[in-house]
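I am opening a notebook on this structure. The entries below record what I looked up and what I found.

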Amino acid sequence: AAKDAGRGRYRLFSDELHVAARERNQLEEELRLAIDSGSLQLHYQPVVNTSTEQISGFEALLRWNHPKHGWISPEKFVPVAEDAGLIVAIGEWAIQQACADLARWPADVRCAVNVSPLQFADAGLPGMIARTIAKAGIEPSRLELEITESVFLNDDAGTDATFAALKRVGVRLALDDFGTGYSSLGYLKNAPFDKIKIDQGFVRGATMPGSRNGAIIAAISSLASALGMDTTAEGVETLDELELVRLHGCSHIQGYIYSRPLSTEEADERLGQGLAISATGPRLSRDPR
Ligand code: C2E
Ligand code: MG
Ligand code: MG
Ligand code: MG
C-alpha cells in the first residue's frame, strides 16, 4: 500500500511538472510575439536625490500586458525569456525604448535599465549600446545599466573586457540588489560602478526595534561614498524608512513613498510639472516583514 501511495504521489508530481512545462512553453511562444505586438512596455519609477528632493532619473521596469492573463510580473517572465534565449532581444528593445524616451526628457534626467547576466555575457552589448545612444543623440552618461552580482559568476576575461568597453562608451554602471548575493568587496574594488543599489530587503524592517538593517545600510553608504559611488535605497515605503535611510547617508531613494513605476505618458506628465517631488505615504510600515 505504501508503495502504491508512493507511486501515486510520483504520478501527481509528474503531471504537475508536465502542466508547468506546457504553460512555460506557451508563455515562451507568446513572449516571442509580444516584442513585435507592442504588448511589452517600460514603466518608469522616479529615483530621488536625497539632499535636493528632486527627481534625478528613473528606473525602467519591464511590464507585459498579456492578451489573456493581464499584467505579468517581470519576476515571472524575465526567467522565461532568459531560458528561451529571448532576453538579448528584449533587453535590446528596452535599451532602445529608454534611449528614445531619454531624448525627449530634460538633459539632467537619467534612466537606468536592468541588464540580465545573459545579456551582459553577449559580446555585442557595448556596440549595440553605443549605436543606440548615437542614434538617440543623447549624452552616454544619462544611461545607467543595472547589473547584479551574478555577472561575476562566470568570472572570465570577457567580464572585465565588457566592463572596460562599457566605460569607454561612457554609460554609468550600478550594482543592483546589493547585499542579496555574494556581495564580495572584490567586486567593488575591481569593477567600475558609479552606484550601489541597496536591496529593499535591508530597508524592510529597518525601523523595527533591534533591527540590524540600519547599521548595514549605514556601512554600505559610507563604503560607497568613500569609493566615490552613489547609493540608492530601494523599496522605501514609509516616512520612517525615508528618515532612516536619509540619516544613514543614502544619496538616492526609490520607492512607493515617492512614486510607483509610471507609464511613459505618466512619466512625461510628471516631468512637465518639474523635478521637485515630495514624499507621501504612511509613517509606519503596515506590514513589518
Ligand atoms: P529590481 O531591478 O530590483 O527592481 C526593483 C523592483 O522593486 C521593481 O519590481 C519595483 O517595482 C519594486 N519596487 C520599487 N519600489 C518599491 C516599494 O516601495 N515597495 C515594494 N514592495 N517594491 C518596490 P518589478 O518592476 O516587479 O521588477 C522586478 C525585477 O524584475 C527587477 O528587480 C529586475 O530584477 C527585473 N526586471 C524588471 N525589468 C527588467 C528588464 O528590463 N530587464 C531585466 N533583465 N530585468 C528586469
Ligand atoms: Mg534594478
Ligand atoms: Mg534592485
Ligand atoms: Mg530585484
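Where is Arg 142 found? I find Arg 142 in the loop between α5 and β5. Helices and strands here are DSSP runs (H or I, at least four residues, for helices; E, at least two, for strands), numbered from the N terminus.

**Ground rules.** I note that this is a predicted model, in which local features need pLDDT of at least 70 and side-chain atom pairs count only at pLDDT 80 or more, while totals for chains, interfaces and linings use all residues. Residues are numbered from 1 along each chain as its sequence is written, chains are lettered from A and ligands numbered from 1 in the order in which they are written, and side-chain values use heavy atoms, with hydrogens and water left out.

**Arg 142, continued.** I looked up its accessibility: at 9% relative accessibility, Arg 142 counts as buried. Buried means under 20% relative accessible area, exposed means over 50%, and partly exposed lies in between (1.4 Å probe, protein chains only). I also took a distance from Arg 142 to Thr 231: their C-alpha atoms are separated by 17 Å, and the two residues are 89 residues apart along the chain.

**Magnesium ion, ligand 2.** Which residues coordinate the magnesium ion (ligand 2)? I list Glu 59 (OE), Asn 114 (OD1), Glu 146 (OE) and Asp 176 (OD), at 2.0 to 2.2 Å. Donors are N, O and S atoms within 2.8 Å of the metal (3.2 Å for Na, K and Ca); water is not among the atoms, so sites may look incomplete. Along the chain, the donors of ligand 2 follow the spacing E-x54-N-x31-E-x29-D. Glu 146 lies in strand β5 and Asp 176 in strand β6, so this pair ties together parts that are 30 residues apart in sequence. Glu 146 counts as buried at 2% relative accessibility, and Asp 176 counts as buried at 7%.

**Magnesium ion, ligand 3.** I then turned to the magnesium ion (ligand 3). Its protein donors are Asp 176 (OD), Asp 177 (OD), Glu 234 (OE) and Glu 234 (OE), at 2.1 to 2.6 Å. The donor residues have the sequence spacing D-D-x56-E. Asp 176 sits in strand β6 (residues 172–178) and Glu 234 in strand β8 (residues 230–234), so I record a link between distant parts of the chain, 58 residues apart. Glu 234 is buried, as is Asp 176.

How far apart are the magnesium ion (ligand 3) and the magnesium ion (ligand 2)? I read 3.8 Å, and Asp 176 coordinates both.

**Aromatic pairs.** How many aromatic pairs does a search of the whole structure find? The search finds nine. Rings of Phe, Tyr and Trp (its six-membered ring) pair if their centres lie within 6.5 Å; planes under 30 degrees apart count as stacked, over 60 as edge-to-face and the rest as tilted. I looked at two of the pairs.

In one of them, the ring centres of Tyr 44 and Phe 58 are 6.0 Å apart and the planes stand at 65°, so the pair is edge-to-face. Tyr 44 belongs to strand β1 (residues 40–49) and Phe 58 to strand β2 (residues 54–66), so parts 14 residues apart in sequence are tied together. Tyr 44 is buried, with a relative accessible area of 0%, and Phe 58 is buried too, with 2%.

Phe 152 and Tyr 187 form a stacked pair, 4.1 Å centre to centre with 10° between the planes. Phe 152 lies in the loop between β5 (143–148) and α6 (157–169), and Tyr 187 in helix α7 (residues 185–190), so this pair ties together parts 35 residues apart in sequence. Both Phe 152 and Tyr 187 are buried. I also find them in one aromatic cluster with Phe 120, Phe 163 and Phe 193.

Is Arg 131 buried or exposed? Arg 131 is exposed, with a relative accessible area of 59%. I place Arg 131 in helix α5 (residues 125–136). By contrast, His 43, at 14% relative accessibility, counts as buried; His 43 lies in strand β1.
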